[in-house]
Amino acid sequence: MPEPKKPGPKKEAAPPAEEDEGRDELPEDEPVPGEEPQPAQITGLFVERPQSATAIKGKDITFVAKVDSSTLLRKPVMKWLKGKWMDLGSKAGKHLKFKETYDRNTKIYTYEMTIVKVVDGDAGGYRCEVTAKDKCDSCTFDITVEGTLQYRKGDAGEDAGDLDFSGLLKKRERKKEEPTEPEVDVWEILKNAKPCDYEKIAFQYGITDLRGMLKRLKMMRKVEPKKSDAFIRKLEPAYSVEKGKKIVMSVELTDDNAQVKWLKNGQEIKPSAKYLFESIGGIRKLIINRSTLSDDAAYECVVGEEKCFTEVFVQEPPVTITKLLDDIHVVVGERVEFEVEVSEEGANVIWMKDGVELSRDGKYRFKKDGKKHWLIINEASKEDIGTYCVCTNGGQSKAELEVEDKELEVLQSIADLTVKAAEQAVFKCEVSDEKVTGRWFKDGVEVIPGKRIKMTHIGRVHKLTIDDVKPEDAGDYTFVPDGYALSLSAKLNFLEIKIDYVPRQDPPKIHLDTTGSMVSKNTIIVVAGNKLRLDVEITGEPAPTVCWRKGPIELSSAEGRVRVESRKNLSSFVIEGAERGDEGLYCITVTNPAGEDKADLNIRVVDVPDAPENVRCTGVGEDTASMLWDPPKFDGGAPIKGYLMERKKKGSSRWTKLNFDIYESTVYEAKKMIEGVFYEMRVFAVNGIGVSQPSATSKPFMPIAPTSEPTRLVVDDVTDNTCALKWLPPDRVGAGGVDGYIIEYCLEGGSEWVQANEVPVEKNMYRVRGLQVGEKYLFRVSAVNIAGRSPPAEIKQGVTIREITERPKIRLPRQLRTKFIKKVGEKVNLVIPFQGKPRPVVNWFKDGTPLDSSLANVRNSEVDSILFIRQATREHSGEYTLSVHIENMEDKATIEIQIVEKPGPPVAVTVTDVWGFNAALEWKPPKDNGNCDITGYTVQKADMKAKEWFTVYEHNRRPSCTVSDLVMGNEYTFRIFSENICGLSDDAGASKNTAVIAKTGLHYKPQPFKERDMSSSPKFITPLVDRSVVAGYNTAISCAVRGYPRPKIIWMKNKMIIGADPKFLMQNNQGVLTLNIRKPSLFDGGQYICKAVNELGEDQVECRLEKSIRKSTSCPL
């Protein structure tokens, strides 16, 4: 790769990598023409600036800039610009590549910009700009693009020299055009690739719909060449184009004058500015300008009954990195977050460490939000040191991660001790990390704990305690933390004093240590559940007697939760697991013969607060809820700092935190909830000690919004003191539904609205009463649900209250305009609507006389009248008249009601004549016809021997009949049932006499039996039917055939026999033939033939199966 040529007086200016023959070099002390001399000294942030250069067309060129970051607090940001404003960072790809490296030793960032295969358009002025927090620097450089010149020797002979101008004049070579990079056909790459590489190819070429790509690739592989009468050249199986570019699809037809139709996903395409149709001879073209993702679809070209198909795949532009990674420096155990921003939302990126792709596991976590992507390492370790890289299909960015060991800080070192015999020596130190363990050494030998020697580790404090010190305990003691190159040392000096015994007496004295947990004089605070040990030093000679009291109660127990431990010159008051009841004033009294001393101690026990109380929901919105609670009764002895809230769905056991920072108020508005879902909530109180237990769960509440206003509010009716309103439900109801409606009214010009109904009404109508005649009123209606009232729907034009007269009119239902027939015992319920204003007076009449209330029940309303009979009898039959009248206006309607039942039996049934095998019967109609006409008779016969009845005639209309086909030698009796619209009579009329069929000399000669020949050639009795089905759904075609012997069935597709293909299932059930096709594709369409063959002949039927395209609904990756 050539380095850029540096102008100016420097002798190190590098020429291009390839020099043309016969080209003279420029003098060293002259600048390159067209370039401005650069200053010799470098100032600002740049250590090395990119220089102007001349590039050779078709070759690569690299520009380098170096920045010193030793004085910078943050990583500098580098921008490469062309002209004044064009940012080249967004153009990174195959033509422009950027690289960034960092040297830890020199703290210098190196930035490289490489132009691959320089073209004429790369010529011009460039600028690189580096910015830090409060510093900025920039520099400019130019690029000149030149083509390569080649000279060839002619045929002038050897004396022509190096430059043969005669040869040049004879023939001039044409400048060869620069070969363009062939377009990449993604489908060809996919066809030849392994299935395991599909996802990698899709990521490289920006394919987001991976499922759709695999489906189309599968369909392309199944395409079989088929000869077509209409097409010389069909559409390609698929077209691939980049987003925003033009698509050209073309076919060649056999008929130059044929008309074509272009379809997209089954819908015909109309010519427009986006879709252009071209016709040149037999060539037909469809041109799509400025392709978008919506053009990614299936296309058809239809000529007559023939079609050809193709798929268009639109590739998205490469995803570039707009915000690069930053180097990160952390210590062991800290959280690491690498952040990068790309040019497209939802794009896929690959994270790598030291060239190895990272996967989702317990250590690494990936996060994506819009254009931003994060790589998160929760607890960094030394193993995480390395170079991390994020890759897209349009670029990459790298950053370094440095992890250092965490330094251990010594908060309190151990000190030298000088103790006497039998005293206690305590070495104590405190470090910054609670988890650090360590070992104690004496004179280089590890100390082993025993009865006198104890080692403790509580939090950050490490102690070595030596009881009853002896001379051999003196020496150098060292504490060494595990895992750290650190040691703390101190010396123990043993003091041996020999004193002659001189008896003396000193008054007792209590020495209180006011440091530690004492917040004020003689007041000690202890956290509930913790251990309190109060060591009080006591002096006096002889040794004083110690007494501890809490109020009047003396504490003398040496064991238990609250106890007193006594040693020489030391009295310890111990409380194991402090409780609230341990609070109070304690008194220590020491006495000896020389005197007495007292001291009062006030012990306060602080604890986490009680749980908040009475958590309740005070209001809800569409996705919000207002919560309120009472503070805890007991604050734990420390002020309440705030509250933590949690919520969960009703029935779930998973609680979700609503806040991570302490919330101070007792009123909270919960957000981002789902409307129509029940939630429960609980609250924790927080003080300086910790977090309380959760409160009792609130009652379930549902976030819900009020409905929209009711629609189409109109006035339905107006009287002298009422007004009837009607409306339709709100357009937007929501999950809470509508509990009812509130109706309000006010005088026109007034501002005081009066609620007409106390309880919300559920119906979509209401009559407002108690209005004044002659006044104008305004009305409004609001919907009500659990969230409250909706905005009101108003009638803005005043309604005048006045009497309206309307002529009475009965709206008789259509079924009552003819005779109304009911059976005995059934109920009669007639609803007859009417109209008229004011309310009409309603009267009922039966057969011209007023209706008896004991005969039928009547209920009247303002708009209808109901006639009700619980159990109808025949006496309810007759003409009913309904009369409605208003003052001198009247309207009437007449209804004829007929109550019917089963008829009685026929009478006088007689056998009037017998001849041969026949008998003639006659009878008379029944005396009771059931209050309706007789519709017929049912005649039955019985042999006197068997006494079994057989029906001879049904629905016989005449009162006579002839019974034939009687058996010779038998005696018959007959019975007859009457029939009306209710059915047959319960009883039958029996014949008074019988019919005897006498025997005669008859002889029966049967015809000889001749077996019929059932053989026949196959014949289809039900043909196949043409069908059009949707691709991807199971289908079946059926037909029926007969023939004997049983014919052999052959199924064919496009005149090719269908063999044992698992896609086709052939069934034959009693001559019904079915061909089942499992999930047919576009290529399963065509002509299907069913042929039946036996030894007597053959027959066949055929049909055509058309497939329609179903649009893909696959989700993007």
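Start by selecting Pro1045, which sits in the loop between β81 (1035–1044) and β82 (1048–1053); strands here are DSSP runs of E, at least two residues long, and they are numbered from the N terminus. Show the backbone and look at the link from Tyr1044 to Pro1045: the peptide bond is cis, with omega at about 0°.

Before moving on, some housekeeping: this is a predicted model, where local features need pLDDT of at least 70 and side-chain atom pairs count only at pLDDT 80 or more, while totals for chains, interfaces and linings use all residues. Residues are numbered from 1 along each chain as its sequence is written, and side-chain values use heavy atoms, leaving out hydrogens and water.

Next, jump to Pro542, in the loop between β40 (532–541) and β41 (545–550). Glu541 and Pro542 are joined by a cis peptide bond, and omega is about 0°.

Pick Lys947 in the loop between β72 (936–943) and β73 (949–956); its phi is positive, about 60°, although Lys947 is not a glycine. Then go to Asp965, in the loop between β74 (960–963) and β75 (971–980). Asp965 also isn't a glycine, and its phi is positive, near 60°. Is Asp965 buried or exposed? Exposed, with a relative accessible area of 68% (exposed means over 50%, buried under 20%, partly exposed in between, using a 1.4 Å probe and protein chains only).

His462 has a relative accessible area of 3%. Its side chain reaches the backbone oxygen of Val436 at 3.3 Å, a polar contact (a pair of N or O atoms within 3.5 Å; within protein, one must be able to donate a hydrogen and the other to accept it, and residues adjacent in sequence count only if both atoms are side-chain atoms). Leaving out residues up to four places away in sequence, the residues that His462 touches include Phe427, Trp440, His457 and Phe479; contact means heavy atoms within 4.5 Å.

Last stop: the open sheet of four strands, ordered β61-β63-β67-β66 with antiparallel pairing (two strands pair if DSSP finds at least two bridges between them). β61 (806–810) and β66 (857–860) are at the edges with a single partner strand each, so one side of each has no neighbour in the sheet. Zoom in on β66: four bridges join it to the antiparallel strand β67 (residues 864–869). Which residue of β67 stands opposite Arg859? Ile866 does.
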